[in-house]
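Here's a quick tour of a protein chain, written for someone meeting structures like this for the first time. Keep the 3D view open and click along as you read.

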Amino acid sequence: QVVKRAYHEKVINHYESPRNVGSLNKNDPNVGTGLVGAPACGDVMKLQIMVDDEGIIKDVKFKTFGCGSAIASSSFVTEHIKGLSLEQAGQVKNTEIAKELSLPPVKLHCSMLAEDAIRAAIRDYKTKRSKLTATGPIPE
Ligand code: FES
Ligand code: FES
């Protein structure tokens, strides 16, 4: 083969047919929204999770204004964290994402964006829930 493939097929696949693109209602009390940017390049990623009463992630959606690797990373994580608990999802590391997609070193920050976005979405969800509990009806 003469042409050296710079990217792994998996990246190309997630980039060409990204999974779970879209938005969830950010005002829904079961939805957490993470919006993060990469200082290295200015790309932006929005990732939203819908969490059930058992703390399991039931749905995930993303929108990424960024490079192919950032799109592939976000698409990959949406599939990866669906069905996980908040705790499990919070432990997903960008190095895992990068390894799974065989990202080259210069593209590591793109997968970092995905890790940051998951964390931010979980934080937003938890803050929202604690506010709800704080202002919710006082039990008799
Ligand atoms: Fe991020 Fe070009 S620097 S897409
Ligand atoms: Fe910046 Fe990929 S080049 S997120």
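What follows is a short briefing on this predicted model, moving from the whole chain down to single residues. The chain has five helices and three strands, and from the N terminus on they come in the order α-β-β-β-α-α-α-α.

**The big picture**

- How confident is the predictor? The chain averages a pLDDT of 90, and 91% of the residues score at least 70.
- For the complex, the predictor gives an ipTM of 0.71 and a pTM of 0.87.
- The C-alpha trace spans about 75 × 30 × 25 Å along its principal axes.
- There are 140 residues in the chain, and 33% of them count as buried.
- Take the contacts between residues at least 6 apart in sequence: 62% of these join residues at least 24 apart.

**The sheet**

- A bit of background first: strands of a sheet pair through backbone hydrogen bonds, and the pairing can be parallel or antiparallel.
- Which kind do we have here? The three strands make an open sheet in the order 1-2-3, with antiparallel pairing.
- Strand 1 (31–37) and strand 3 (57–65) are the edge strands, each pairing on one side only.
- Going from one strand to the next, the twist averages 15 degrees.

**Strand 1 with strand 2**

- Strand 1 pairs with strand 2 (residues 44–51) in the antiparallel sense, and the pairing covers seven bridges.

**Strand 2 with strand 3**

- Strand 2 and strand 3 also run antiparallel, joined by eight bridges.
- Two pairs to look up are Val44, whose bridge partner in strand 3 is Phe65, and Met45, which stands opposite Thr64 in strand 3.
- These strands form a hairpin too, with five residues between them. In its turn, Gly55 has a positive phi of about 80 degrees.

**How the helices pack**

- Helix 2 (residues 68–81) lies across strand 2 and strand 3, and its direction is at about 175 degrees to strand 3.
- For helix 1 and helix 2, the axes come within 8 Å and cross at roughly 85 degrees.
- What do we call that arrangement? Angles of 65 to 115 degrees count as roughly perpendicular, so helix 1 and helix 2 are roughly perpendicular to each other.
- Which residues meet at this contact? From helix 1 you get Val11, His14 and Tyr15, and from helix 2 Gly68, Ser69, Ile71, Ala72, Ser75 and Phe76.
- Sorted by class, the contact of helix 1 with helix 2 has five nonpolar residues, four polar ones and no charged ones.

- Glu9 sits in helix 1 (residues 9–16).
- Now find Glu87: Glu9 and Glu87 are 78 residues apart in sequence and 30 Å apart in space, C-alpha to C-alpha.

**Two non-glycines with a positive phi**

- Asn20 isn't a glycine, yet it has a positive phi of about 60 degrees. You'll find Asn20 in the loop between helix 1 and strand 1.
- Asn20 has 16 C-beta neighbours inside 10 Å, so Asn20 counts as partly exposed.
- Ser102 isn't a glycine either, and its positive phi is about 50 degrees. Where is Ser102? Look in the loop between helix 4 (94–100) and helix 5 (108–135).
- Ser102 has 12 other C-beta atoms within 10 Å, so Ser102 is exposed.

Note on methods
Residues numbered from 1 in each chain as written. Chains lettered and ligands numbered in written order. Predicted model: local features only at pLDDT ≥ 70, side-chain atom pairs only at ≥ 80, totals over all residues. Pairing = 2+ DSSP bridges. Helix = DSSP H or I, 4+ residues; strand = E, 2+ residues; numbered from the N terminus. Axes fitted to C-alpha atoms, helices over the stretch in contact; angles between N-to-C directions. Contact = placed C-beta atoms within 7 Å. pLDDT = per-residue confidence, 0-100. Parallel < 35°, antiparallel > 145°, perpendicular 65-115°, else oblique. Nonpolar A, V, L, I, M, F, W, Y, C, P; charged D, E, K, R; others polar. Buried ≥ 20, exposed ≤ 12 C-beta atoms within 10 Å, placed from the backbone.
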